[in-house]
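Dear colleague,

I am handing over the structure we spoke about, and below it you will find my notes on what turned up in it. Please read them with the coordinates open beside you.

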Amino acid sequence: LGVLLLVFAGWWSTLRPSNDRVWQPEVALLPWAEVDGDLVTIRNIRDFEYRSETDFTPRYYDKTFDLRKLDRGDLIGSYWMGDAIAHMFLSFGFGDDHLAISIETRKEVGESYSTLAGFFRQYELFYVVADERDLIGVRTNYRQDPPEDVYVYRTKATPEQLRRLFLDYVREINSLRDKPEFYNTATTNCTTNIWMHTKVNGGLPFSWKILLSGYVPEFAWEHGRIVGDGPFSEVRRRARVNEAARAGGVGPGFSQRIRASLP
């Protein structure tokens, strides 16, 4: 057993995160940002044109956002295997513009996601910065195996809190460009990293619901961070956006249309 542990420790010590691999196209370009006072220019915002989940034309654009217009923050959950497990990400609203940021694994060509492999430094950490038509639309309109149910929850964060949170995201996005990190299934994932970022505003206490990410929206609602009067089942019902997303496709007005019936 001692020999095996030494072999494992030796192998573990050789693993180093890198930005120089043959990446899958969805995570091929690293986003980064330039901050000039109230103006933040985001480079490499993903805006893929999907024909199916696996058939798409890669597209990216750059855009400058004015922090003085940052007035909304939404928590988004995508479910595909019951209530307990979900992929969580945030979207920031700047007037009529929305920018979604999803914390994911950066997979190489030929790799697929494995929860077990995620414990053992097999994936780099990646922040997908994308247009909502891409990041939400691919989940509501194109993924079929398995299909995903997407819920958008308005948060009660103030403009000042949103500014601190957004800039903390920007700090990490730029840091990963210069110093890559590993994803970890338990400690450095889509939900735990959101929880860590929210510490700039005090954050929520740690709970087992952070680990079972599907319960995060209810946990946030219980602590008064989500818009909507109870019961939570009604808030959750109104938060589901699949039908609205499919009704009009992923063209202009997508972000406004999926929010039309939200609390």
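Across the whole structure, which is a predicted model, the search finds 28 salt bridges. One of them joins the side chains of Arg 21 and Glu 124, with 2.8 Å from N to O. The two partners come from distant parts of the chain, 103 residues apart, since Arg 21 sits in the loop between helix H1 (2-14) and strand S1 (32-36), while Glu 124 belongs to strand S9.

Arg 143 deserves a paragraph of its own. Its side chain meets that of Glu 53 in a salt bridge of 3.5 Å, N to O, and this pair again links distant parts of the chain, with Arg 143 in the loop between helix H3 (137-142) and S10, and Glu 53 in the loop between strand S3 (49-50) and strand S4 (56-57), 90 residues apart. The side chain of Arg 143 also meets that of Glu 148 in a salt bridge, here at 2.9 Å from N to O. As for accessibility, Arg 143 is partly exposed with a relative accessible area of 22%, and Glu 53 is likewise partly exposed at 30%, but Glu 148, with 8%, is buried. Elsewhere, salt bridges link Asp 47, Glu 49, Arg 59, Asp 131 and Arg 133 into a network.

Turning to the rings, the count of aromatic pairs comes to 18. Among them is the pair of Tyr 50 and Phe 56, which is edge-to-face, with 5.6 Å from centre to centre and 65 degrees between the planes; both Tyr 50 and Phe 56 are buried. Another edge-to-face pair is formed by Tyr 113 and Tyr 183, with their centres 6.2 Å apart and an angle of 85 degrees between the planes. Because Tyr 113 lies in the loop between S8 and S9 and Tyr 183 in the loop between helix H4 (159-178) and helix H5 (190-197), this pair ties together parts that are 70 residues apart in sequence. Tyr 113 counts as partly exposed, at 38% relative accessibility, while Tyr 183 is buried, with a relative accessible area of 9%. There is also a cluster in which ring pairs link Phe 65, Phe 92, Phe 94, Tyr 127, Phe 166 and Tyr 169.

Which residues of helix H8 (residues 232-239) are buried? They are Phe 232, Val 235 and Ala 239, and because they cover an arc of only 60 degrees around the axis, they lie on the same side of H8.

On the surface, Leu 116, Phe 119 and Phe 120 make up a nonpolar patch, and together they have about 270 Å² of accessible area. Phe 120 is located in the loop between strand S8 (97-106) and strand S9 (124-130), and with a relative accessibility of 32% it counts as partly exposed.

Finally, two prolines in loops may be of use when you look around the model. Pro 58 is found in the loop between S4 and strand S5 (60-66), and it counts as partly exposed, at 43% relative accessibility. Its C-alpha atom is separated by 7.8 Å from that of Glu 26, although the two residues are 32 apart along the chain. Pro 147 lies in the loop between H3 and S10 and is partly exposed as well, with a relative accessible area of 45%. Once its neighbours within four places in sequence are left aside, Pro 147 is in contact with Tyr 79 and Trp 80. By contrast, the C-alpha atoms of Pro 147 and Tyr 61, 86 residues apart along the chain, are separated by 28 Å.

Technical notes:
Residues are numbered from 1 along each chain as its sequence is written. This is a predicted model: local features need pLDDT of at least 70, side-chain atom pairs count only at pLDDT 80 or more; totals for chains, interfaces and linings use all residues. Side-chain values use heavy atoms; hydrogens and water are left out. Buried means under 20% relative accessible area, exposed over 50%, partly exposed in between (1.4 Å probe, protein chains only). Helices (H or I, at least four residues) and strands (E, at least two) are DSSP runs, numbered from the N terminus. The arc is that of the directions from the helix axis to the C-beta atoms. Patches are made of residues with over 30% relative accessible area and no salt bridge: like charges are joined within 9 Å, nonpolar side chains (Val, Leu, Ile, Met, Phe, Trp, Tyr) within 5 Å. Accessible areas come from the Shrake-Rupley method with a 1.4 Å probe; for residues, only the protein chains shown count as cover. A salt bridge is a side-chain nitrogen of Lys or Arg within 4 Å of a carboxyl oxygen of Asp or Glu. Rings of Phe, Tyr and Trp (its six-membered ring) pair if their centres lie within 6.5 Å; planes under 30 degrees apart count as stacked, over 60 as edge-to-face and the rest as tilted. Contact means heavy atoms within 4.5 Å.
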